[in-house]
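Let's go through them one at a time.

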Amino acid sequence: MRTSINVMRLGIIGFGEMGKRIGKDLVECADGGIEIAGVVEPEDESYEDGCSWIASRPARFDSVQEMLDAITPHGVAVASPNHKHLENLHAIGKQEFPIWLEKPLDSTYEKICGVLRFSEEYPGKIMVDHV
């Protein structure tokens, strides 16, 4: 197990089906090198289920900005419902940490174009993936 100084703090936006899987995979693959430090999840049941999946209770927040301010993450996974992806990317703003964006990019052509525009201006790396 690594010391806390070597642990990467991650946030997850949306701790439902995909968010809990991303969290579990990252924690298990990193062998103690990653901590899910905070999540944005409005549903109590999804939060509790996600906590059981990752065997910890990350801080829970009502908004992306609240989470970013509180945990100062090294990276964020966006696993919210598809129609909220662009909204959540805009809430992340001009940070420089890596973003893991769950696919699909968003729910409409116009919003997908917005995600692409965001990615062109975002100073950090963005990975789009599906668990």
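Q: What makes Glu-28 and Lys-24 about one turn of the helix apart?
A: In this predicted model, both sit in helix α1 (residues 17–30), with four residues from one to the other.

Q: Why is the contact of Glu-28 with Lys-24 called a salt bridge?
A: The cut-off is a Lys or Arg side-chain nitrogen within 4 Å of an Asp or Glu carboxyl oxygen. Here the closest N and O atoms are 3.4 Å apart, so the pair qualifies.

Q: How do you know that Asp-44 forms a salt bridge with Arg-60?
A: Their closest N and O atoms are 2.9 Å apart, and the limit is 4 Å. This pair links distant parts of the chain: Asp-44 belongs to helix α2 (residues 44–54) and Arg-60 to strand β3, 16 residues apart.

Q: What makes Asp-106 buried?
A: Buried means under 20%. Asp-106 has a relative accessible area of 4%, so buried it is. Its side chain meets that of Lys-111 in a salt bridge (3.9 Å, N to O), and Lys-111 counts as partly exposed at 28%.

Q: Why do β3 and β6 stand at the edges of the sheet?
A: The six strands run in the order β3-β2-β1-β4-β5-β6. β3 (59–61) and β6 (126–129) each have a single partner strand, so one side of each has no neighbour in the sheet.

Conventions
Residues are numbered from 1 along each chain as its sequence is written. This is a predicted model: local features need pLDDT of at least 70, side-chain atom pairs count only at pLDDT 80 or more; totals for chains, interfaces and linings use all residues. Side-chain values use heavy atoms; hydrogens and water are left out. Two strands pair if DSSP finds at least two bridges between them. Helices (H or I, at least four residues) and strands (E, at least two) are DSSP runs, numbered from the N terminus. Buried means under 20% relative accessible area, exposed over 50%, partly exposed in between (1.4 Å probe, protein chains only).
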